[in-house]
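I opened this notebook to keep track of what I looked up, one topic at a time. The structure comes first, and my entries come after it.

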Amino acid sequence: MKRNGLALIGGLLATSVLCASSDQIQGGEPVKVFIMMGQSNMLGLGGVNGGTDGDLDYAVNTEGLYPYLSNGMGGFATRTDVRQTMVQGSGGATATTSLLVNNFLSPSNRSQLGPEHGIGEMLGNTIDAPVLLLKSCIGNRSLGWDLLPPGSEQYDFGGNTYAGYGDTTLKWPTGTTPTPVNWQAGLQYDGDIARARHVLDNIGTYYPGETEYEIAGFFWWQGDKDRYDAGHATRYEQNLVQLIEQLRVEFDAPNAPFIAATLGQTQIGDGGNDGAILDAQLAVDGDAGNYSLYSGNVKTVYSNPLSLGGASNSHYNGNAKTYMNIGEAMGQAMVELLTNRAYVEVDRQTGEVKIIVPSTAASDLDLRNYTISSPGGALDNTAWSSIAGNYDGGGTTSVDSGNWSIDTSSITELSESAIAGGADGLIGINTEVSLGNIWIKSPIEDFEFLYTDTSNLPRALTVRYTGDRAGLGDLDFDGSVDANDFALFMAGAQADLTALSVAQQYNKGDLDGDGDNDIYDFDIFRLAFEADNAGPGAFAAMVAAYGAVPEPGSLALLIPGGLMLALRRRR
């Protein structure tokens, strides 16, 4: 498919989906973006070119560590499939922004490094698609104040009331009136998000030649500044949960995996503020069982065994090996979440949706019910191959020997559950279960898959979309914008689309996302057709050929009067 460079108005292509199979993330056009946030540890202060123990060049050339970083001639290699962009500013969206890094991943591009090289190596070896590590952070910022995410509320601790998001005082004696300062809770969060968004909105500038992206995951390394306030340390877990939830909302990435790393100097069992922060970071790990919806999509890297001295406030004495070790572990944790857990796969070419438990999974998938939701109405419930009647006692019994029943069947939600008193569903390792071609092929990629396991705990599976996206105007998803697409477009021209879902409206030719198929959509289609074919004039030539347009062959019958007039003017 040719890249036409056009984007859907209204953000229809803003999506979080991942392109993956059980063993390797499969190639697709969008850049896989991993957003990296935190404070100075994430920013990175490991030495690169010092020639002594603790510097990266010494580790690579003298100690023989991290051989993938060597170019074989005493210098550093460059990965041309992984790019890094680092933006920084102190404060909110209007603060001055510095572009610190924007190039393909190589230590030779900086005098100091963070965890990005270890992360990039793990991801680059796994993902068969362009990867962008997008780092937006600055040092000396706390989660409890500077990076406090939206939705965080005030709370009381130790006789003080602590700020909620947007408050202009960090804390004040409970029951008194706070005195504002020239800062506010969450200001740095707002700024870091805005700077990351700017990169995404201009993806071709930061990843030359690319026009589309997908938010594939988040990395978080932070906690040092919260150590110095017991109110922030004891609230860290709740704030971290709010951060995970808010980042997924901010970037429309409800299924994107999240990796956190602990502070290297803190050991399990430590008390005080440091221990409280460590306990909080470990508590959100999906395997800890505290947050069932984080199972398989949130993981915490315990950094203490990987740290080679120093503490977070001394930046681990600038030891590059600490940053490399923790980076590799964070990258590997992300790979495990992307490849070693059960997930839902959506095939962009066929619309087929499958539940997949890969051969690398640690356990079978057991479930008592599940719900697939699509706020954009991209579910074709008429094509649903439910467990009920297909894979249960009424079908092959391959999932459940008991019987299941349908709970909901609509374009926005499909749900079913095991009938009480029977068995529970089980999908074994190295097994795929097809739910049918239930995805309505469109730019709407918003599926969420929630289920209840046999312990009655709610859980979620990551949803991944495989294969190339169709270009704008490719309504039949065959890889090109042609006369067949034009016929489909005209079938919905000037029709009343208000009763349809967003996904259905797109299939009827609503290319600008405003709920109708009108002259503006016509012009978008014409430009898309010309961009995907021979350029200006190609559309008029296709129309003039008549025979290139599927039945009915008469253009006057196919095109309503207003659009016919517009076409004549453009010819």
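The entries below cover a pair of helices, the cavities, one histidine and a pocket.

**Entry 1: the model.** I note at the outset that this is a predicted model, and I read each entry with that in mind.

**Entry 2: two helices.** I looked up how helix α3, residues 116-124, lies against helix α9, residues 320-339, and found that their axes come within 6 Å and cross at roughly 30 degrees. The crossing in which α3 passes α9 is right-handed. On the α3 side I listed His-117, Gly-118, Ile-119, Met-122 and Leu-123 as making the contact, while α9 brings Met-324, Gly-327, Glu-328, Met-330, Gly-331, Gln-332, Met-334 and Val-335. Sorted by class, this contact of α3 with α9 comes to seven nonpolar residues, five polar ones and one charged one.

**Entry 3: cavities.** I then asked how many cavities of 30 Å³ or more the structure holds, and the count is five. I followed up the second largest cavity, which has about 60 Å³ of space. Its lining is made up of Tyr-68, Leu-69, Ala-77, Thr-78, Arg-79, Leu-105, Ser-106, Pro-107, His-117 and Glu-121. By class, I have five nonpolar, three polar and two charged residues around the second largest cavity.

**Entry 4: His-232.** My next search was for His-232, which I found in helix α6, residues 230-234. Is His-232 buried or exposed? His-232 counts as buried because its relative accessibility is 3%, and the cut-off for buried is under 20%. Setting aside neighbours within four places in sequence, I wrote down Ser-142, Gly-144, Trp-145, Tyr-155, Tyr-162, Leu-170 and Asp-226 as the residues in contact with His-232.

**Entry 5: the largest pocket.** Last, I turned to the largest pocket, whose volume is about 390 Å³. It is lined by 23 residues, of which Ser-295, Arg-341, Ala-342, Ser-363 and Tyr-451 are the closest to its centre. I also checked which elements give two or more residues to this lining, and they are β15 (365-367) and β22 (458-466). With five residues, β22 gives the most to the lining of the largest pocket.

Notes: Residues are numbered from 1 along each chain as its sequence is written. This is a predicted model: local features need pLDDT of at least 70, side-chain atom pairs count only at pLDDT 80 or more; totals for chains, interfaces and linings use all residues. Side-chain values use heavy atoms; hydrogens and water are left out. Axes are lines fitted to C-alpha atoms, for helices over the stretch in contact, and angles run from 0 to 180 degrees between N-to-C directions. Helices (H or I, at least four residues) and strands (E, at least two) are DSSP runs, numbered from the N terminus. A crossing is left-handed if the near helix is turned anticlockwise from the far one by less than a right angle, and right-handed if clockwise. Contact means heavy atoms within 4.5 Å. Ala, Val, Leu, Ile, Met, Phe, Trp, Tyr, Cys and Pro count as nonpolar, Asp, Glu, Lys and Arg as charged, and the others, Gly among them, as polar. On a 1 Å grid over the protein atoms alone, a cavity is a set of points where a 1.4 Å probe fits but cannot get out, and a pocket is an open set with protein on both sides within 12 Å along at least five of seven lines; lining residues have an atom within 4 Å of a point. Grid points are joined across faces, edges and corners, and a volume is the space filled by probe spheres set on the points. Buried means under 20% relative accessible area, exposed over 50%, partly exposed in between (1.4 Å probe, protein chains only).
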